[in-house]
Amino acid sequence: MPTSRRRRPALPQALAAAALLVPLATACSSSDGSGGSADGQRLRVAMAFPPAQAMSPYGDDAVTLSRLAVVEGLTALDRNGDAKPALATSWKRDNDRTWSFTLRDAVFQDGQKLEAPAAARSLRAADEASPRPRVLSDTRLLVTTPDARTVRISTKTPDPLLPQRLANPSLAILSEAAYEGGGVNPAGHATGPFTLTKVDGAVGATLRRNDTYWGKKAQAPGVDVKFVADGTARANALRTGSVDVAEYVPISQASLLGDGLVHEFPSARTNGLSLNTGRGVFADPAMRAAAREAIDSAALVKGVYEGRADTAQGLLGPGVPWAAAARTAPTDRAEAAGEEQVAKTEQIVLATYTNRPELPEVATVVQQQLTARGFTVKQVVRDYAQLEADALAGRYDAFIQARNTLLDTADPASYLASDFTCDGSFNISQLCDERVDAAVDEAAGLAATDARHRAEMAAEARVLGTDALVPLLHERFVQGYDDGRVRGVSLDPMERTLITADTRVG
């Protein structure tokens with residue numbers, strides 16, 4: 001799925017069962033997992049996505065663990081997507097393929113000391129997992145431990161983004177006990193401000209404060225989580241006060257809740273119209289240019305998103321804060337076909353999915369805009385799981401998707417490579433342009449941040465010049481909480497944090 005919540009194959013049944021019956025953490029807590037209620041109010045949180053893989057860190061559940069401040073990696077990310085210290089206090093590049101990371105003094109939630117062998121074990125387990133975490137889909141890690149405080153990591157090819165890659169929640173560091181029994185169980189074996197103590201299937205989860213945390217002590221004594229897939233139900237729970245925080249409030253509910261309960265902010269997600277460059281009507285660059293000219297981004301923002309989105313600026317929107325200053329004009333765009341030429345084309349199939357509630361309405365408006373330009377359009381709207389294989393195989397003429405452009409490494413190089421290069425694993429537009437490939441390769445090979453960003457925007461200009469993807473708008477996230485009583489909720493464009501050590505009621 002073109003978000004950070006992409007489906008993965010199910011884990012083995014025994015592992016799933018083990019994780020659904022996670023034991024209480026070994027450190028002291030009350031029998032119901034609620035410990036510490038005397039020194040503050042527990043947080044009540046409604047999460048949008050129930051565990052899909054029994055809280056395995058190797059799939060999308062890793063994001064849930066990260067958003068609940070349970071797991072940590074060697075590094076974390078700042079607001080610009082650059083790596084900053086987490087379980088590693090510092091790092092250096094030994095050569096073009098090898099980095100050394102120095103560990104901080106910390107303990108796991110089960111009392112075991114964080115040392116290099118434990119960190120190496122976690123990284124090797126992720127590297128050997130089946131399926132492998134998406135963040136490792138294009139690389140392999142060779143991990144050694146020169147001493148108890150140093151982790152040395154080598155990659156097969158130079159990887160200037162390795163520090164950012166290691167911030168991915170799927171590469172969380174867990175204690176030895178997490179891997180007993182042949183699976184991986186983060187409950188009570190991570191390092192974050194909160195300890196996962198109980199998972200009730202797809203219904204809820206219980207967390208308590210980790211009093212041995214190396215950093216700032218969590219202000220809330222614990223968190224009670226309910227998994228509520230229905231967005232209206234999450235909004236109603238917030239409205240009635242039965243939860244303190246509700247993630248991903250639907251646009252349709254935001255106005256009903258009011259500004260005191262909803263908080264919107266730019267995201268790294270761009271909604272785009274992928275045009276099939278490999279076959280059919282849009283194999284002709286002039287037809288793609290005509291489709292681009294037909295799109296009215298402002299109408300989509302106003303009519304579908306009620307003003308709670310940003311008009312299209314490029315592949316990277318306001319949620320990527322450095323992009324605007326480095327943006328250059330699209331290169332080598334074709335001249336758009338005229339109306340008479342467009343009117344002679346065969347019917348095009350426009351597809352999108354129901355999993356994000358705004359997209360079917362977006363598809364209807366886009367269909368109207370394309371029809372006004374002379375195209376004949378048929379819609380296909382289904383669950384994403386029913387569409388992905390056909391989309392990747394190029395069986396649709398046009399496909400509307402909401403894409404997180406900072407997925408996995410928090411740097412757009414991986415997004416550009418997967419979506420727009422000849423060998424890209426998520427190339428729905430079927431684009432294969434040697435100039436685009438060269439531009440993306442140049443960006444991916446640069447270590448200096450400013451130089452890489454300039455090269456990435458040059459690659460963006462190359463992609464936009466092909467009209468393989470027409471940006472429709474840039475989404476804003478809408479998180480729900482009462483700003484009169486709840487403090488410290490993280491509004492993160494990269495979707496990796498929500499509840500933090502600072503989050504509290506009152």
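Let me start at Arg104. Its charged end sits over the ring of Trp214, 3.8 Å from the ring centre. Keep in mind that this is a predicted model, and the values I give are computed from it.

Stay with Trp214 for a moment. Its relative accessible area is 30%, so Trp214 is partly exposed. Besides the charge of Arg104 above its ring, Trp214 has an aromatic partner, Tyr213. The two ring centres are 5.1 Å apart. Tyr213 itself is buried, because its relative accessible area of 16% is under 20%.

Now to the aromatic pairs in general. The count for this model is 10. Another of them is Phe49 with Tyr248. Here the centres are 6.1 Å apart and the planes stand at 75°, so the pair is edge-to-face.

Where in the chain do Phe49 and Tyr248 lie? Phe49 is in the loop between strand E1, 43-47, and helix H2, 61-67. Tyr248 is in the loop between strand E11, 245-246, and helix H6, 251-257. They are 199 residues apart, and the pair links distant parts of the chain.

Tyr248, with a relative accessible area of 16%, is buried.

One last point on this pair. Phe49 and Tyr248 belong to one aromatic cluster, together with Phe265 and Phe477.

Conventions:
Residues are numbered from 1 along each chain as its sequence is written. This is a predicted model: local features need pLDDT of at least 70, side-chain atom pairs count only at pLDDT 80 or more; totals for chains, interfaces and linings use all residues. Side-chain values use heavy atoms; hydrogens and water are left out. Rings of Phe, Tyr and Trp (its six-membered ring) pair if their centres lie within 6.5 Å; planes under 30 degrees apart count as stacked, over 60 as edge-to-face and the rest as tilted. Helices (H or I, at least four residues) and strands (E, at least two) are DSSP runs, numbered from the N terminus. Buried means under 20% relative accessible area, exposed over 50%, partly exposed in between (1.4 Å probe, protein chains only). A charge sits over a ring if NZ of Lys or CZ of Arg is within 6 Å of the ring centre and within 35 degrees of the ring normal.
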